[in-house]
Amino acid sequence: MANTYGIVSSGIISRSLFKQLSIGKCQSAFKSRRFAVSSSSYLASEPQGPKVVTAEVPGPKSVSLKNELSQLQNSAAVQLFIDYSQSYGNYIRDVDGNTYLDVYNQISSLPLGYNHPAMINAVTNPANLEAFVNRPALGILPPSNFVEKLNTTLMSIAPPGLKEIQTMACGSCSNENAYKAVCFWYRNKERGGKPPTQQELDSCMINQLPGAPDLSILSFMGGFHGRTFGALATTHSKPIHKLDVPSFDWPIAHFPKYKYPLEEHTKENAAEDAKSLAHVEELIEQYKKKRPVAGLIVEPIQAEGGDNHASDDYFRKLRQLCLKKGVAFICDEVQTGGGPTGKFWAHEHWGLDVPPDVVTFSKKMLTGGYYYREEFRPKEGYRVFNTWLGDPSKMVLLQEVVKVVKEQNLLKNMEMTGKHLMSGLMDTQKRHSSKLFNVRGRGTFTAMDFVNPETRDKAIKLLHKRGIHCGGSGKQTLRIRTALIFELKHVDIFLDRLNQVLAEGV
């Protein structure tokens, strides 16, 4: 008989053992007994559905904890305080005992949901202890199994055509260092492969030409690539991210703005593609004289900026334009990477003849970094470097994620579940066309627009009260970001609660 944590006699983790996850208490248990990793038994142990027991959301305990946190830092963005020991599968439970179906997924970050047996097994397996206890400076003292781990994790799921990788800790620093690598590549081309001059070495130390070249990275309006200083120059989703921060005069291109349903607006949307491509080419030419464009960065789906899509044909043409102009093509897969669109990498849907030059990642990949074509490898050490350069313990977890994804065919699950979700959202849109429109998505990476920001925000609050944890993007968009284990039954629960909200409250 299974309890809350899916304990069965065959060996899935028990509540009592879960609470004893100290190294000393668990070593002997795990030498003789490994957790069974069965998707069916795992999901069968989830809550039967959402359940909200407090009159208001957030409940009193969350409110109290938020007030305490406010004494230490700005807590305005905090929604709920979560009891992660009581969260399981696709469900989270807050400190007030409310259980939510999570379709926000820590902003698209947990591939296997909460407390998956494979992840618990990896953390508590004594063979993995050194990876969690000793965090190395990977750039100078990597562990003995580092190459093996890279090959069995990140390289085993590398984007087609990309055979080299640089690990990092997060999405922002992945993009930051990708920009640097692109600038190194661009300047190396300009020098014809020759070493830098003494003048370049001296001038870079005082932030002057020619050692500190006036190059740029082209990005798109609506894009989001991080909040660190350089990445922020390419982020254009919300003013609050950028306000009061000095930035670079780098080119910002128009991103296609589609009309939906797509099949009824093919002509208008093709014109949007052409408009954007023409603007990109115009900016590259315009900036040649003052700040040459070394690279271009784009998301397969502009996530934070409002779930803005463009066609596969658009991206193929954008890639060809970069090749024609000698501009590096950076694909930011921080949010779309890891499987939610039905392929491990969203750009695989495009059918490119030439792969991107650089693909950045984080979130569902549990660590950060970027894949790149070999010409983007710096010649000298320390050019792309920091103390951590990622975290080997995350690769221990990622190894289990990759196994589960492949063994249980979770990419196919995302494809099938996504079709069911899209079909249900389309039906919902028809029933509530005055409130909801522009349903769009790929896999379960889906979204819909409300008539205005206020209605969207109200809908999110009412969904929370009905046990659905969700979040917005852009100005008036509700975005869906599920774990890879999200199934048809979870879709049906979400759609039921969404229709309740639209019928009764919004």
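This is a predicted model: local features need pLDDT of at least 70, side-chain atom pairs count only at pLDDT 80 or more; totals for chains, interfaces and linings use all residues.
## Salt bridges

A search of the whole structure finds 30 salt bridges. Three of them are set out in the table, each with the distance from nitrogen to oxygen and the relative accessibility of the two partners.

| Pair | N to O distance | Relative accessibility of the partners |
|---|---|---|
| Glu-190 and Arg-187 | 2.6 Å | Glu-190 46%, Arg-187 13% |
| Glu-200 and Arg-191 | 3.1 Å | Glu-200 9%, Arg-191 23% |
| Lys-238 and Glu-304 | 3.8 Å | Lys-238 23%, Glu-304 13% |

Glu-190 and Arg-187 belong to helix H9, which covers residues 171-191, and they stand three residues apart, about one turn of that helix. In general, an α-helix has 3.6 residues a turn, so residues three or four places apart point the same way. Because its value is 13%, Arg-187 counts as buried, whereas Glu-190, at 46%, counts as partly exposed.

The salt bridge between Lys-238 and Glu-304 has a distance of 3.8 Å, N to O. This pair links distant parts of the chain, since Lys-238 is in the loop between helix H11 (229-232) and helix H12 (239-242), Glu-304 is in the loop between strand S6 (293-298) and helix H14 (312-325), and the two are 66 residues apart. Elsewhere, salt bridges that share partners join Glu-281, Glu-285, Lys-288, Lys-324 and Lys-325 into one network.

## A charged residue without a salt bridge

What is the nearest side chain of opposite charge to the buried Glu-333, which has no salt bridge? That side chain is Arg-442, at 9.7 Å, and a salt bridge would need a nitrogen of Lys or Arg within 4 Å of a carboxyl oxygen. Glu-333 is placed in the loop between strand S7 (328-332) and strand S8 (358-361). Its side chain does make a polar contact of 2.8 Å with the side chain of His-347. When residues up to four places away in sequence are not counted, the residues touched by Glu-333 include Pro-300, Trp-345, Val-359 and Phe-361.

## Aromatic rings

The count of aromatic pairs comes to 18. In one of these pairs, the ring centres of Phe-220 and Phe-255 are 5.8 Å apart and the planes meet at 85°, so the pair is edge-to-face. The two residues come from distant parts of the chain, with Phe-220 in strand S4 (residues 216-220) and Phe-255 in the loop between strand S5 (252-253) and helix H13 (266-287), 35 residues apart. Both Phe-220 and Phe-255 are buried, and together with Tyr-314, Phe-315, Phe-329 and Trp-350 they form one aromatic cluster.

Arg-440 lies over the face of Tyr-260, at 5.9 Å from the ring centre, and Arg-481 lies over the face of Phe-445, at 3.6 Å from the ring centre.

## Helix H6 and two buried histidines

Seven of the eight residues of helix H6 (residues 117-124) are buried, so this helix is largely enclosed by the rest of the structure. Among the buried residues of H6 are Pro-117, Met-119, Asn-121 and Thr-124. His-116 is placed in the loop between helix H5 (105-108) and H6, and His-116 counts as buried at 2% relative accessibility. The side chain of His-116 reaches the backbone nitrogen of Ala-118 at 3.0 Å.

The other histidine, His-490, lies in helix H18 (residues 488-504) and is buried, with a relative accessible area of 1%. A polar contact of 3.3 Å joins its side chain to that of Asn-90. Not counting residues up to four places away in sequence, His-490 touches Glu-46, Asn-90, Tyr-91, Leu-101 and Ile-485. His-490 and Ser-433 are 57 residues apart in sequence, and their C-alpha atoms are 23 Å apart in space.

Terms used: Residues are numbered from 1 along each chain as its sequence is written. Side-chain values use heavy atoms; hydrogens and water are left out. Rings of Phe, Tyr and Trp (its six-membered ring) pair if their centres lie within 6.5 Å; planes under 30 degrees apart count as stacked, over 60 as edge-to-face and the rest as tilted. Helices (H or I, at least four residues) and strands (E, at least two) are DSSP runs, numbered from the N terminus. Buried means under 20% relative accessible area, exposed over 50%, partly exposed in between (1.4 Å probe, protein chains only). A charge sits over a ring if NZ of Lys or CZ of Arg is within 6 Å of the ring centre and within 35 degrees of the ring normal. Lys and Arg count as positive and Asp and Glu as negative; His and the chain ends are not counted. A polar contact is a pair of N or O atoms within 3.5 Å; within protein, one must be able to donate a hydrogen and the other to accept it, and residues adjacent in sequence count only if both atoms are side-chain atoms. Contact means heavy atoms within 4.5 Å.
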